[in-house]
Structure formats: C-alpha cells, structure tokens
Amino acid sequence: MLKKRRSFRRQKVCKWCVDKIEAVDFKDAKRLRNFITDRGKIIPRRISGNCAGHQRQLGGAIKRARSIALLPFAADLL
C-alpha cells in the first residue's frame with residue numbers, strides 16, 4: 001500500500017499588501033526590478049503572488065519606468 005505524500009506549499013502573499021503600500025511608485029526602480037525577469041519581462045502574479053490590484057499597478061509602473069529609462073526593455077545582447 002502506497003502512502004500519500006503530503007506536499008507543503010508555502011502560501012504566496014502580496015508583498016505590497018504586507019508592507020501596506022497602496023500605490024506602486026514607478027520611480028522605485030530598485031523594488032520594481034524584483035518583479036521583472038532577466039529578459040525584462042514582467043513576472044506574472046501566479047508566480048510572484050501579487051494581488052490583482054497591485055499586479056495591475058505594477059505592470060503600469062514598470063512600463064512607465066521603462067519609458068523614462070529607469071528599467072531596461074530587454075536584456076543586454078552582447
């Protein structure tokens with residue numbers, strides 16, 4: 001008889017809600033950089049754990065930060 005293995009998965013939480021930040025600031029490039037991949041793509045909320053409202057604000061903030069050159073559009077191609 002096989003025993004069922006219990007898997008434990010840590011609950012993902014929205015980092016913005018935990019820090020009680022209501023609005024995502026596009027000028028905070030250091031924090032925004034944690035939510036983009038090496039290739040410059042925005043990490044989806046199913047992976048990052050953000051809530052829907054903050055993920056929408058995050059996407060807009062990253063796009064705005066890219067347009068004023070605070071964040072890269074893509075990885076450096078060398």
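1. The buried residues of α4 pack against α1, α2 and α3 (45–48). Contact here means heavy atoms within 4.5 Å, and buried means under 20% relative accessible area, with exposed over 50% and partly exposed in between (1.4 Å probe, protein chains only). Helices are DSSP runs of H or I with at least four residues, numbered from the N terminus.

2. This is a predicted model, in which local features need pLDDT of at least 70 and side-chain atom pairs count only at pLDDT 80 or more, while totals for chains, interfaces and linings use all residues. Residues are numbered from 1 along each chain as its sequence is written, and side-chain values use heavy atoms, leaving out hydrogens and water.

3. Which residues of α4 are buried? They are His54, Gln55, Leu58, Gly59, Ala61, Ile62, Ala65 and Arg66. An α-helix has 3.6 residues a turn, so residues three or four places apart point the same way.

4. Phi of Ala69 is positive, near 70°, though the residue is not a glycine. Ala69 counts as exposed, at 67% relative accessibility.

5. Lys20 sits in the loop between α1 (15–18) and α2 (29–32). Lys20 is not a glycine either, yet its phi is positive, about 55°. Its relative accessible area is 73%, so Lys20 is exposed. Most residues other than glycine have a negative phi.

Terms used:
Helices (H or I, at least four residues) and strands (E, at least two) are DSSP runs, numbered from the N terminus.
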